[in-house]
Amino acid sequence: MIKLYGHELSGNSYKVKLLLSLLGIEHEWIKVDLLKGEHKASEFQSLNPFGQVPVLVDGDTIIKDAQAILVYLARFYGGEQWLPLDAVSLSQVVRWLSTTAGEVRQGPESARLYYLFNATSIDIDRANQKAEFILTQLNQHLRDRQWLEFERITIADIAVFPYVALAPDGKIVLDSYPHILAWIERVKTLPGFIGMQGIAAPALV
């Protein structure tokens, strides 16, 4: 069975759990307590010397980094719906993985770290500026489309979703980004959707 090492408040761990759930893949969740420094222990660092979550173990295969794990799961278990192989389409998805590790991380994710985890080494003014930029761009991009690319869900959406949806944890209000809010709700309606602290699953009717 697949093993997923992560932390319940980690948006990067969550995005992998979300994709596993959307794909209907059973897995074992193994909590790495970051507050207790378990990510620095030799046992975990033998899996990822960077000391970062998430890490996915599938048999003899060990995948580190959330975006890399999304790619692995999409190709091995999900197929072209989640990650197309033609050059142009693949580049469009990879662009969003890069945006996730760049602008989203520098903006909404950093603001969340500042307020939720007291990461005072972060320049909160810069994080807010970065957040406003990427959220404005994302809202504009979603103005006339349902999903980030191809009018269907891909790992581009799964990569970007968590830290955008968690933006309020960083005291970033999403009310002025209606197309983002509509996209967040669409993600929540997907069969197999699961939430996390800060991202509520739709109420059962």
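Me: At what angle do helix α4 and α6 pack, and how far apart are their axes?

Reply: This is a predicted model, in which local features need pLDDT of at least 70, side-chain atom pairs count only at pLDDT 80 or more, and totals for chains, interfaces and linings use all residues. Residues are numbered from 1 along each chain as its sequence is written, and side-chain values use heavy atoms, with hydrogens and water left out. Helix α4 (residues 87-116) and α6 pack at an angle of about 5°, with their axes 8 Å apart. Axes are lines fitted to C-alpha atoms, for helices over the stretch in contact, and angles run from 0 to 180 degrees between N-to-C directions. Helices are DSSP runs of H or I with at least four residues, strands are runs of E with at least two, and both are numbered from the N terminus.

Me: Why are α4 and α6 called roughly parallel?

Reply: Angles under 35 degrees count as roughly parallel, over 145 as roughly antiparallel, 65 to 115 as roughly perpendicular and the rest as oblique. The angle here is about 5°, and α4 and α6 are therefore roughly parallel to each other.

Me: Which residues make the contact of α4 with α6?

Reply: Contact means heavy atoms within 4.5 Å. On α4 the residues are V93, W96, L97, T100, V104, P108, E109 and R112, and on α6 they are I155, A156, A159, V160 and Y163.

Me: What makes T100 a buried residue?

Reply: Buried means under 20% relative accessible area, exposed over 50% and partly exposed in between, with a 1.4 Å probe and protein chains only. T100, in helix α4, has a relative accessible area of 4% and is therefore buried. Leaving aside neighbours within four places in sequence, T100 is in contact with K15, Q67, R105, A159 and V160.

Me: Which backbone atom lies 2.8 Å from a polar atom of the side chain of T100?

Reply: That atom is the backbone oxygen of W96.

Me: Which residues of helix α3 are buried, and against what do they pack?

Reply: In helix α3 (residues 66-78), the buried residues are A66, Q67, I69, L70, Y72, L73 and A74. They pack against β1 (2-6), α1 (11-22), β3 (55-58), β4 (61-64), α4 and α6. At the start of α3, a side-chain oxygen of D65 comes to within 3.0 Å of the backbone nitrogen of Q67. Just after α3, G79 has a positive phi of about 85°.

Notes:
Polar contact = N/O pair within 3.5 Å; in protein donor to acceptor, adjacent residues only side chain to side chain.
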